[in-house]
Amino acid sequence: MATTLEFSDLRRLTDERASAFRAAVASAPTLDAQVPTCPEWTLYDLVHHLGGGDRFWAAVLGAGPADVPPARAIAERAALTAPRDRAALLDWSQESTHLLLNALREAGPQRGCWTWWGASHSPQNAGAVARHRLQETAVHTYDVQVVLGAPQPLAQQVALDGVDEFLSTCCATTAAWPHEPTAFDFHASEGRSWRLTLDADGARPTRLPTTGGAPDATPGARVSATAGDLVLYLYDRIPADGVHIDGDASLLDLLRAWDPEE
């Protein structure tokens, strides 16, 4: 499915979310605080993860089209260290963001590159990387805000593209669904809906029309919430009782447990 955001918007919004991420880190009581939504990580670990991801993808973009992860990107990530001092860590984080944004700008949206989502509906190019990094940055900004006890709703334009991006990148696959064929509908209160169909041919997301022309088949389950809460639910940041579920909720457990790579 195509992004609802222009390439320039993806870069701008990533920069904005990264700035909000650092502002939240700067106001946290300690970098050793545990992150409830990432239970195995401290706040320092989260900053290291996001910054390391930015640097890794900058190296991937710089390498151009590839069938495997570029060796340089892997080596640099394995050797990556981030400063422990908070001020130095925030500077390192800002530099990480700039490396990613510069790499995206130099590449342009259509330049090919390796990605881990080769079997999905998302293309293997810089535009798809920009799209996914925006969602990573937005969700991790939410994680830091949870540490502070003041989580903020995801921005609507980011969240609406985020549901679409998650289904296209993280769910779409040609691997056979190992259960009875079914479908899941995701409805955002802002007026946009999607269907994820699963069967022996894999998982295929489609955007549903806003008026009329809806598929005849009844979905196995339907999840309704704001677009922001749908994204947070899909990323396991909020529980099922944070959204409204119609139909067989146990099917969603099967979807969450499914690993097509196995």
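Since 7 of the 8 residues of α7 are buried, I recorded the helix as largely enclosed by the rest of the structure. Just after α7, I found Asp236 with a positive phi of about 60°.

I noted that this is a predicted model, in which local features need pLDDT of at least 70, side-chain atom pairs count only at pLDDT 80 or more, and totals for chains, interfaces and linings use all residues. Residues are numbered from 1 along each chain as its sequence is written, and side-chain values use heavy atoms, with hydrogens and water left out.

I then looked up the whole protein. I listed 8 helices and 7 strands, taken as DSSP runs (helices H or I, at least four residues; strands E, at least two) numbered from the N terminus. The radius of gyration is 19 Å, close to the 18 Å that the globule rule gives for 262 residues, so the protein is as compact as a globular protein of that length; the radius is taken over C-alpha atoms, and the rule is 2.2 Å times the number of residues to the power 0.38. The C-alpha trace spans about 55 × 40 × 35 Å along its principal axes. Of the 262 residues, 51% count as buried.

Next I turned to the largest pocket, whose volume is about 340 Å³. A pocket is an open set of points on a 1 Å grid over the protein atoms alone, where a 1.4 Å probe fits, with protein on both sides within 12 Å along at least five of seven lines; lining residues have an atom within 4 Å of a point. The volume is the space filled by probe spheres set on the points, which are joined across faces, edges and corners. I found 14 lining residues, with Phe166, Cys171, Leu234, Leu255 and Arg256 nearest the centre. The elements giving two or more residues to this lining are α6 (156-171), β4 (192-199), α7 (227-234) and α8 (249-257).

Last, I looked up Arg133, which lies in helix α5 (residues 126-147). Arg133 counts as buried, at 5% relative accessibility. Leaving out residues up to four places away in sequence, I recorded that Arg133 touches Thr14, Leu50, Gly53, Asp54, Trp57 and Leu100, where contact means heavy atoms within 4.5 Å.

Terms used: Buried < 20%, exposed > 50% of the residue type's maximum accessible area, 1.4 Å probe, protein only.
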